[in-house]
Amino acid sequence: MRKPIPFNRPICLEKSIEYMNESARCGEIRGDFKYCHKCSELLEKKFDAPKVLLTNSGTDALEMAAILCDIKPGDEVILPSFTFSSTANAFVLRGAKLVFVDIRPDTMNIDERLIEAAITPQTRVVVAVHYGGVACKMDTIEEVAHRHHLLVVEDAAQAVMSTYHGKHLGTIGDFGCYSFHETKNYSMGEGGAIVINNEKYVDRAQIIREKGTNRSQFLQGLVDKYTWVDVGSSFLPSDLNAAFLYPQLEQAEEINQKRMHSWNLYYALLESLVEAGKVQLPKVPDGCIHNAHLFYIKMKDVAERIKLIRYLKKYQVTAVFHYIPLHSAPAGQKFGRFYGEDRYTTIESNRLLRLPMYFDLSDEDVRYIVGLIKEFYDMR
């Protein structure tokens with residue numbers, strides 16, 4: 001009998017176990033120790049980033065960004081509704097009002113053409129969510145933000161190793177936020193990182209991350225004692241988690257190439273269904289290099305999606321849909337509003353189905369999944 005194909009299988013390298021054992025044997029398991037530093041330094045060098053700080057999660061990275069943006073009650077933050085709750089929560093926790101705008105149907109990213117009209121005197125931040133590791137149109141977003149004196153936060157949770165016109169996502173806005181959750185291309189179970197792209201924020205970021213204390217400066221010998229100096233929290237991940245992540249970052253290109261191979265195979269095998277008008281496939285605009293974080297198809301409607309999910313499940317293949325648009329959720333209605341017309345957010349989210357995608361997904365598995373999808377449409 002064929003083995004089940006899960007939606008995701010976290011990557012685990014032999015070196016990860018070796019480094020974790022080393023860390024545990026030495027008792028070096030506290031936050032921000034050897035492997036935390038090694039991960040940060042590697043990311044800074046690889047992405048040419050001024051400062052990268054590991055966090056406990058991508059959510060933590062976003063919450064740090066919201067604090068660094070100095071969000072106050074009543075401030076407004078513009079973001080897409082098609083995103084995870086963490087993107088919104090980070091700013092709601094600071095008292096912000098959310099202003100949702102529609103997405104582009106080609107990339108499922110925020111429609112950069114709608115941002116400017118949504119700006120009010122209370123607007124402070126624009127959040128660019130790079131869905132599936134495919135870049136938002138960052139040159140337009142940056143230009144609008146600069147003209148209106150707004151900060152830009154990149155929610156690059158899914159976009160580690162993706163680029164936009166040669167620049168790594170997460171390094172373009174004022175702050176970038178990565179996730180190293182178990183579902184991501186590079187994983188430490190639970191984890192993330194914040195990229196500080198404006199050096200004037202580095203010192204405060206280190207203070208916020210260290211529970212609001214200047215302990216980081218103390219450890220560097222810059223002050224003779226440390227104390228509570230600002231708002232903050234415990235955003236430091238255990239060095240055990242960082243030890244698990246570090247070998248993956250060392251082999252980032254190899255991991256990226258393997259995932260891209262699976263993504264390209266899906267695309268090639270499904271093109272006949274596109275030609276037959278049955279499905280639509282992801283769009284990657286010129287100037288964008290993605291990281292094969294996910295592969296999705298778009299179907300006729302939500303009813304067809306439900307039927308295909310059930311059909312695949314019958315053959316032990318797990319496929320899933322993604323976000324319920326935040327503006328339609330109870331908390332979204334409480335903390336935000338949708339600006340303009342919802343032309344695409346709801347309709348496109350209802351059509352989207354994510355297929356299995358992970359590092360050791362085999363060509364045989366991809367062919368099997370596509371074969372089932374084609375069988376499904378042959379029966380309709």
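**Figure 1. Strand β2 and its partner β4.** Strand β2 and strand β4 (residues 123–129) pair in the parallel sense over three bridges; two strands count as paired if DSSP finds at least two bridges between them. Helices (H or I, at least four residues) and strands (E, at least two) are DSSP runs, numbered from the N terminus. Across this pairing, Val-77 stands opposite Val-125 in β4. The model is a predicted one, in which local features need pLDDT of at least 70, side-chain atom pairs count only at pLDDT 80 or more, and totals for chains, interfaces and linings use all residues. Residues are numbered from 1 along each chain as its sequence is written, and side-chain values use heavy atoms, with hydrogens and water left out.

**Figure 2. Strand β2 beside β3.** With strand β3 (residues 97–101), β2 pairs in the parallel sense over five bridges. Leu-79 has Phe-100 of β3 as its bridge partner. Together with helix α4 (residues 85–92), β2 and β3 make a right-handed β-α-β unit; right-handed means that, with the strands pointing away from the viewer, the path from the first strand over the helix to the second runs clockwise.

**Figure 3. The side chains of β2.** Strand β2 (residues 76–80) is mostly covered, with five of its five residues buried. Buried denotes under 20% relative accessible area, exposed over 50%, and partly exposed in between (1.4 Å probe, protein chains only). In a regular strand the side chains alternate between the two faces of the sheet. Here Glu-76, Ile-78 and Pro-80 point one way, while Val-77 and Leu-79 point the other way.

**Figure 4. Aromatic pairs.** The structure holds 15 aromatic pairs. Rings of Phe, Tyr and Trp (its six-membered ring) pair if their centres lie within 6.5 Å; planes under 30 degrees apart count as stacked, over 60 as edge-to-face and the rest as tilted. Tyr-19 and Tyr-35 form a stacked pair, 5.2 Å centre to centre with 20° between the planes. This pair links distant parts of the chain, 16 residues apart: Tyr-19 lies in helix α1 (residues 14–26) and Tyr-35 in helix α2 (residues 34–47). Both Tyr-19 and Tyr-35 are buried.

Figure 5. Tyr-131 and Tyr-323 form an edge-to-face pair, 6.0 Å centre to centre with 70° between the planes. The two residues are 192 residues apart, Tyr-131 in the loop between β4 and α6 (138–147) and Tyr-323 in the loop between α11 (302–314) and α12 (330–335). Tyr-131 and Tyr-323 are both buried. Phe-82, Tyr-131, Tyr-296 and Tyr-323 form one aromatic cluster.
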